[in-house]
Amino acid sequence: MAGRSILITGCSSGIGHDAAHGLMRAGWRVFATCRKEADCERLRAEGLESFRLDYADGATIAAAVEEAVSRTGGTLDAIFNNGAHACPGAVEDLPTGALREIFEVNLFGQHELTRRVIPVMRAQGHGRIVNCSSVLGLVPLRWRGAYVATKYAMEGLTDVLRLEMADTPIKVILIEPGPVTSRIRVNSIPHFERWIDWQRSPRAEQYRTSLLKRLYEARGPDRFELPPGAVTAKLLRALESPNPAPRHFVTTPTHLMNLARRILPTRALDWLIARG
C-alpha cells in the first residue's frame, strides 16, 4: 500500500489524530485535515500533511479536495469521514437551529466531501469511502437525540451509497465505534451551553442529577472504553482488505448492541438501554 493516499477529517484529536499517524506509519500518504488552522500547524509540526477542512464551510471542502488531488497528481485513493460533534440535551429542549447546525457538520458536509471525491475515484478506477458512525447509529440513548439523528441518517445514506456503488470499483464502508477515548464530551460543552436552556426545562432536575454530571465532571474511562488505536486498526482493515466487510464494529458494546437491536423487541431493547 506504499504511496496510497487518504484524506481524513477531524484530525485535531482522538480518532482522527490517531488514524492520521497510524496510517502514515503504515505507508499511506495522509492528508490530515482539521477545522482550525492552528491545529493544522500543530499536525504539520508532527510530520503530517495538513490543511483546513470545515464541514460547515463548503469552500474549505472544495479547496481541501483540490489541494489533496493536486499534491498527488490527480488521484485520491480513500477518504475517512471522521469529523463530527455532539449537542447533548433532551429532544424537547433542542432548538431546531441546533439540529440544523449538527446536521450541517455530521451529515451534509460529509456528503459534500464524498460527492466531490467520487469523480476522482471513478476516473482512477478504484477508491474507498469509509464513514465513521457510532454505536449511536445503531441504537438510541437519552440526551443524545441530535447526535443519534445524524448517525442514523449517516447509516442510511451510507447503506444506499454502498448499494449504488456496487457496480463500480469504489468500496463504501462503515466503522462503528463504541466508547473510544476522545474529546467529544469536552468539545460538546460549547454547543450545549449555546443551545440548551436547561434551567428552564421541565427536566431541570434530571439535568442536574444526570447529564450535567457526565458532561462537566472529569472521570475515568467508561467501562469497555478502548483507545482510538482500536479504530485505526479497523480502518486499516477496511482500507487494505481486498473485500472489506460493509461494517466494522469497535468495542464490546457495539457488538452487543448490534446483536440486541436485531433480536430484541423494541420495548425490551428500550429497557436494556435505559438500564445501561
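Reader: Is strand S6 (residues 170–177) mostly covered or mostly exposed, and how many of its eight residues are buried?

Author: This is a predicted model, and a residue is called buried when its relative accessible area is under 20%. By that criterion strand S6 is mostly covered, since seven of its eight residues, within the span 170–177, are buried.

Reader: Which strands pair with S6, and in which sense do they run?

Author: Two strands count as paired when at least two bridges are found between them. Strand S5 (residues 127–132) is joined to S6 by six bridges, and the two run parallel; within this pairing, Val-130 stands opposite Ile-173 of S6. Strand S7 (residues 247–250) also pairs with S6 in the parallel sense, here over four bridges, and Val-250 in S7 is the bridge partner of Pro-177.

Reader: What space lies in the second largest pocket, and which residues are the closest to its centre?

Author: Rolling a probe the size of a water molecule over the atoms shows where empty space is left. In this model the second largest pocket holds about 190 Å³ of space. Its lining consists of 14 residues, of which His-111, Thr-114, Leu-157, Thr-158 and Leu-161 are the closest to the centre.

Key. Residues are numbered from 1 along each chain as its sequence is written. This is a predicted model: local features need pLDDT of at least 70, side-chain atom pairs count only at pLDDT 80 or more; totals for chains, interfaces and linings use all residues. Side-chain values use heavy atoms; hydrogens and water are left out. Buried means under 20% relative accessible area, exposed over 50%, partly exposed in between (1.4 Å probe, protein chains only). On a 1 Å grid over the protein atoms alone, a cavity is a set of points where a 1.4 Å probe fits but cannot get out, and a pocket is an open set with protein on both sides within 12 Å along at least five of seven lines; lining residues have an atom within 4 Å of a point. Grid points are joined across faces, edges and corners, and a volume is the space filled by probe spheres set on the points.
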